[in-house]
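Hi,

Here is the model I promised to pass on. Have a look at it first, and my notes follow below.

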Amino acid sequence: MKNRIRVLRAEREMTQEQLAELVGVTRNTIISIEKDKYCPSLKLGFRIARLFGIGIDDVFTYEEDKDGPSQDDD
Amino acid sequence: MKRITYLTCTLLVAVLVAAMIGWSMAAGNFIVPVIAIPLGTIVVLACRRNVQEVIGDERLNKVRSRAALRTIEVIVIAGAIAAVIFYSFMISDSLSPKVTGRVYLNDDGTSSMIIHLYKPGSAETPENLIRSTTIRDINSMNEAEAMDYSQFRRGAFLDNELKGIAGMTIGASLVAMLCIFGAFYLYYDRKY
């Protein structure tokens, strides 16, 4: 799952700390999402998209692996 | 309240409650834990409610649940191995002879003692008796008498020793569990 949070945040001159506070998560979670290490829940995804005032498709892009669905759980 | 203050409060309350429970058990007062545990929980919950920072979110929940699951897996395997080892100790312990003893006060002011050694896992009857030792004066025993006496003393304190070993085993298991959880937590925290 790719995302444009870093870009969107930079456009709005928003820090990771501010974004984390606004969506109700820790700064580490925002860092992990931006690094594509953690895939947020739908609820958090919508919350982030709504905060930026755009659709969820404009923030997150789902890229399927060559072998099939991505296995980021283990 | 900041997150670090909350964590410090939680640690202090945990230490205080543990100390109170330890003291009450030693003193034979069983009312203290009944009051201290719910009171400690209320204090921690009240502190948690006053934390302004975000102290938990979905990512942390995921990290914690994965770390907890892996910890349980490790503990179950290690616990099964440890249980087999300890059970084998218990079986071999019943093979050791049973020692009993009795002290008598003599007319001249000295104390005598009779120590009986019975067959392992048998009743204390004359037919199961391996040997008996009589210590004429406890204060001036010879080497053989002293060895029998020390064996008897060790047997007398075995129950206390076993309780102590059980306590230490539980404590060590808890520390091991926390260490394993901490290691997995750090691993998954870096991963996600």
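Of the 74 residues in chain A, 20% are buried, meaning that 20 or more other C-beta atoms lie within 10 Å of a residue's own, with C-beta atoms placed from the backbone. Bear in mind that this is a predicted model, where local features need pLDDT of at least 70, side-chain atom pairs count only at pLDDT 80 or more, and totals for chains, interfaces and linings use all residues. Residues are numbered from 1 along each chain as its sequence is written, while chains are lettered from A and ligands numbered from 1 in the order in which they are written.

Chain A has five helices and two strands (DSSP runs, H or I of at least four residues for helices and E of at least two for strands, numbered from the N terminus). Along the sequence they run β-α-α-α-α-α-β.

Now the core. The largest nonpolar one (buried Ala, Val, Leu, Ile, Met, Phe, Trp, Tyr and Cys residues joined through C-beta atoms within 7 Å) holds 14 residues, and Leu19(A), Ala20(A), Val23(A), Val25(A) and Ile30(A) have the most contacts inside it. At least two residues each come from α2 (16-23) and α3 (27-34) of chain A and from α3 (58-93) of chain B. The largest share, three residues, is from α2(A).

Leaving out residues up to four places away in sequence, Val23(A) touches Leu44(A), Arg47(A), Ile48(A) and Leu51(A); contact here means C-beta atoms, placed from the backbone, within 7 Å.

Where the chains meet, chain B brings six residues and chain A 10 residues.

Cheers

Technical notes:
Two residues are in contact if their C-beta atoms, placed from the backbone, lie within 7 Å. A residue is buried if 20 or more other C-beta atoms lie within 10 Å of its own, exposed if 12 or fewer, and partly exposed in between; C-beta atoms are placed from the backbone.
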